[in-house]
Amino acid sequence: MTCLPEITPGQKKLGLVIDLDTCVGCQACATNCKEWNASGHSGPLPDTKPYSAGAEGVWFNRVHSYEAGEGERGRTVNFPRSCLHCETPDCVTVCPTGASYKRIEDGIVLVDHDLCIGCGLCAWACPYGAREMDEDEGVMKKCTLCIDRIYNTNIPEAQRQPACVLTCPTSARHFGDLGDPDSKVSKLVAERGGQPLMPELGYKPVNSYLPPRNRSSVAAKPDEAVPTPMDIKNPLLRWMDKVLTR
Amino acid sequence: MNPAPSIVFFTTASGAGYGLLFWLGLLRPLGLVPGQGLVALALALVLITAGLLSSTLHLGNPQRAWRAVSQWRSSWLSREGVAAILTYIPALLLGLALWVDAPALALIAGLLAAAGAVATVYCTGMIYASLKPIRQWHHPLVVPGYLALSAFSGAVLLAMLAAFAGGGAVPALLAVLTGAAALLLKRAYWQAIDSGPPIATIESATTLGFIGKVRQLDPPHTEQNYLLREMGFRIARKHAAKLRLIAQGAGFALPVLLALLAVLVGGTPAVLALTLGAVLAIGGLLIERWLMFAEATHTVMLYYRG
Amino acid sequence: MPEAPMPLATERPDRAVDYSPPVGDEVKTTTCYMCACRCGIRVHLKDGRIRYIEGNPDHPVNKGVLCGKGSAGIMTQYSPARLRAPLKRVGPRGSGEFAEISWEEALETATGWLRHVRATDPRQLAFFTGRDQSQSLTGFWAAQFGTPNFAAHGGFCSVNMAAAGLYSIGGSFWEFGEPDWDRAKYLLMFGVAEDHDSNPIKIGLAKMKGRGARVVSINPVRTGYSAIADEWIGLRPGTDGLFALAIAHELLRTDQIDLDFLARYTNASWLVVRNPGGEDDGLFARDENGKPLAWDRERGAIDASLMDLSAVMVGEVSLPDGRRAQPVFHLMAERYLAPEYAPDAVAERCGLPAERIRRIAAGIADVAFNQAITLDQPWTDVWGRRHETMTGRPVAFHAMRGISAHSNGFHTCRALHLLQMLLGAVDTPGSWRYKSPFPRPIPPGPGPAGRGAKPNTPLAGNILSFPHGPDDLLVDDDGNPIRIDKAFSWDAPLSLHGMMHTVIGNAGAGDPYKIDTLFMFMANMAWNSAMNPGEVIRILTETQPDGSYTIPHVIYSDAYFSETVPYADLILPDTTYLERWDCISILDRPIGSAHGAGDAIRQPVIKPDRDVRPFQDVLIELGARLGLPAFTKPDGTPKFKDYPDYITNHERMPGVGPLAGFRGADGSKRGVGEPNPDQLQRYIENGCFWRDHLPPEQGYYKHANKAYLEQSKAMGLMGKSDQIVMQIWSEPLQKFRLAAEGHGAKQPPDRLRERIRTYCDPLPIWYPALEHEGQDLNRFGLSAITQRPMAMYHSWGSMNAWLRQIIGANKLYMARSRGTALGLAQDDWVWVESRAGRLKCQVSLMEGVNPDTVWTWNAIGKRAGAWNLDEGSPESTRGFLLNHVISEWLPAQGGFRQANADPVTGQAAWYDLRVSVTKCAPGEEGITSPHPDAPALPPHMPARPDILRYSTKATP
């Protein structure tokens, strides 16, 4: 059903918190997502012309890199981009078949591949580029928040998390319930000033991006008063009478 | 946005078909269209059906297209499908009425068909107008534009057919009026999107504006992807300006002038003028519709190009 | 592992979702080999195919995480570039024309060639491996064969780091040391991009940033780790040493040094004989037992290792025998206090304001001395004294490629170790820490084996080892190199890892001699593993007047159709990393950490579907066929069935084998113990690794920690448990220098005398890159370097259907300001020219790069047709290798050809490159150059699919 579930206070909103301060752009989230999902809920994620020019495939997670600011004062920021599991996503409401849906129980936005006609309208409606067409099967695919991991009783409890989160070597990805203000992820967003992407479009993204932290400044100032060796006749004499014991 | 030929053809053809159906349903029962009207109705239905079939060409799973009518409560695409299917009923009844010459049924069916045509084209327009990430489509003039262009192209076709049937200045005058209106609307639209502010920036898309100007260092992949092919279409400003001129001249101004000429001279020259006008209008509208896609920009490209 | 709240299992009527599909039908642990990081992985299998590869949460290296390469292992396993069967060349070299042969024919062919070489002149076998992790086997095999000509690609890679560390502090950066990620407050990373220790560094950086510690990256390029650093210092390539010595100058000038640490744990107090021109000048003053002397405040010259020493650190003293001597500290402080090392003197060359250098020095000193850490952890020092606490200077250093790949890298790395010693920041809480099996004695072992190679006779000892002075060099009586690569010669006395980059060039020139057979494993020498691929290809295809090839036989083992395959005569196809046994051996490069020793294995998780064999199995079989003593029983039959048999049962010394864990008949011994027939099974049960855990009192000060040193000796990691005294003043270097000054029996050739004298300085020095001498630096005004992209670095297969979408082509990055000044716009096509050649590529403009530097991603460009890629693939049309404009040789000086390498270690200096960049003429755009023709594909390579639908999901 492509009508959005009614939002009630305290409703579960599963999503990701992505730390732009520690992401080094290693692509682990992208490829681990790809391998999990290739054989997972949405698999396969086909790759066309895999060994020729024009190789391209279906990926749920793509890592951009940007430079913000100029010259030495600027920063390089690696920027993973995937479905934000918005609270009010048009990608769901525009779907003519009911294939695209937002789950009332956890807020995950999914596509039912058996219903999808592959019209592509949901991709047009998504400002974030979260949806990727499987042109081989003719259906739209997207991040499932690893729905076949997070509730999977065949997986040890500690690992019931999205593949991208578990694999991230710099812990730049966090998963949890952003509808619960006391959850670890909600606190992280509050503490670090997590930001939604393009809030002006009004989709209310659930995923949040933690901004690069202000660079800590060096406490110490060079002590200019210390004489330079040229000023001291024999600077080595300073150490002459130091009594050193082991 | 990528101007996929199937979609360009679909919206142009079905738009013209619904325009034709609209005018036929409205005018034929009033006797303002010469001849029986069955040919016009057939043409309208052929255009509509061809357009709808063409639209399924861009579907990944056309055999499931029937599912598309299920979500009319939220989806304009679904509503369009429902409206399109429902409109077939009065349209076919109108055909029956014209065939058996049942004026009362023709009147009712005609009005219902006209209403259905308006509803369907409105839905088509709303599919585009409801897409917030595409600034050029999420605009108040988009739906009026779709309606006006549909009315204009329908009128042009009806005028041509009427001329073949030996007269009918009303459709030609309607073509003049709707053409002029559509041209003004389209010019206003172009002016608006040319000067409109962006809905978002690379800074808001990345949240990094607080640091300074944001530039892409590297794309996520050095190779292509679906989104880039679908939404990364770019057209040079100069090229677009030239196409706009052609669309205005061939698609609007010339057909309007030819329709005026036809009203003034009548007879065989009118038939020729209106036929030429119809061909030009449809051609011009294909260009206009192609531009509608080519000039549209999607916010996702902020992540790739800033 | 990242933590997140568990989603509550509410009622979920979603019919479209299967919430709990079994992940696979089987899961096996092994060790990743998508790069050299050695992460533990869990491979899920379904119906015999790989369902999912994930990081092993229990593994000490990666603790459950897995990088972008490791997660793409499936595509490397199922690559269409995999070789299918043994091949013999049937067309000319380079044509790629091969015929499939049986393994029997392949092994007999190889045995025939090798038997002849071994029976006549074993030196005529050059056996070199690439990113190999089984050097304890390959090196042992080479010694058994009797050739000194063995090495892996360390000479190309990181020997500057290893040599500088092992000769200074008894451990090194690279993968043998690590910052104290949990306690460091200030981390300086020099030239660290994606490299060895890839995931541990990422995990560690996240920890540091999470704690609010300060991370500073010194790197000309602001990507990757530099992107998340709190401070980025984009200095000019190759000037890190100047920068470090200016910091040393500042620390000394402001007296912010740990003099107690220097006196206790380094040779700062040792007395150096001052006798200019004499044969003992610069050597340590020693007592009659050879023990170094210090000057005690009360007692005068005395054994420097005494516990109650109260050393005088500056001044000049008269030794009992009348010679003059000065403490190391005096000589060191005097040198670096000189104005030439002042920030103002170096600022311009580094491309940094002097003020900034001073500020950084002050910042480091502030953390080291005002924010010291004290742990309530008792420990006992090497003198037997118990201390109640451990004090730490929480400034950690890490350094890698950006230091290593310069011709001044050895001394630059020594300068970094000097800084660590001045700060008292070696293996203390919060500083840099040794990873097991380090620290080791300085230098760690005897000199290299290789002299006196005789037919059919093994060499005794390790081929790659540690010269203590000129007597250990592998040179003949005339001072000429014994090894084909000239390692351990006067060309590069401390070339501990060999000099693979010179092997083919030297063999081609017959300098020092010609060879018969070149045997390589996993080394893409005809492409990205060569400093200059064009030159390597020229030599491999060069013929003599009689039509024979200059290098008559080339045997190559690779799992994939790499660029080098077409240039070999015999191909021994290897398996993938998931199809083999391997041993990340305690004798080679184990996975130990600061927390204790460790090693690991690979086990086959999937059966090969081709006629291929693991290289190590093949090597052991060749050893048996050749009758190498260690690989045959007295009756001549093979001693080992295969590699697992060797791993389990081979003993290098009694009780010491390739694996340290689960030794002894019942698996209860660690380090030393008789072979355990169930050892591999025990490893498998333990997740394919073994890990020792040091008790907390052994956690720091390992170089002088009595308990640690004794336990290390007991485990067979070291021969002695003496204090490892860090060496500020390096006596081995001084011995080479004395030889250059004419002292001693072993003398360098005259042409190398000045070079040895200059560069074998016992204290760290800085000098401009050697290749900058004699070339027009105004014409070639830009430094050019490479970086490994994180998603590709060190990838064994290097071609991967997923990773090539992420990065299938590369551009040359330059500062926007510089590009604009050169009239270049984004994506313009340019010519990049050096003294060695030119290439064509596209530019990309960026902000975060030193304006005098250009750079690109390494090893993305591929030769058209190689790796079973379509000829139009972006790797060959839009990708390029910077290697094409790098030269293996320095500009000719005095008629002798000198490797473009560090003069001390022989480390290939591929970051010294200087280039010019000019816009292409109209019409030249569109394809990168050089663009060599595509070779033929070997027979029966699979067709490339048009679409890949990889999935183990059951299709409905």
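**Where chain A meets chain B**

Modeller: Let's start with the strands: strand E4 of chain A (residues 62-68) and E1(B) run antiparallel and are joined by four bridges. Two strands count as paired if DSSP finds at least two bridges between them. Within this pairing, Ala68(A) sits opposite Val214(B) of E1(B). Helices (H or I, at least four residues) and strands (E, at least two) are DSSP runs, numbered from the N terminus.

Before going further, a word on the source: this is a predicted model, where local features need pLDDT of at least 70 and side-chain atom pairs count only at pLDDT 80 or more, while totals for chains, interfaces and linings use all residues. Residues are numbered from 1 along each chain as its sequence is written, and chains are lettered from A and ligands numbered from 1 in the order in which they are written.

Now the whole interface. On the chain B side, 48 residues are in contact with 54 residues of chain A, contact meaning that the C-beta atoms, placed from the backbone, lie within 7 Å. The elements of chain B giving two or more residues to that side are helix H3 (76-100), helix H7 (202-206), strand E1 (214-218), helix H8 (226-231) and helix H11 (300-305). E1(B) gives the most, with five residues. Sorted by class, this side of chain B has 21 nonpolar, 18 polar and nine charged residues; here Ala, Val, Leu, Ile, Met, Phe, Trp, Tyr, Cys and Pro are nonpolar, Asp, Glu, Lys and Arg charged, and the others, Gly among them, polar.

Along the principal axes, the C-alpha atoms of chain A fill a box of roughly 90 × 50 × 40 Å. Even so, buried residues make up 65% of the 246 in chain A, a residue being buried if 20 or more other C-beta atoms lie within 10 Å of its own, with C-beta atoms placed from the backbone. And among chain A contacts between residues at least 6 apart in sequence, 59% join residues at least 24 apart.

Technical notes
Two residues are in contact if their C-beta atoms, placed from the backbone, lie within 7 Å. A residue is buried if 20 or more other C-beta atoms lie within 10 Å of its own, exposed if 12 or fewer, and partly exposed in between; C-beta atoms are placed from the backbone.
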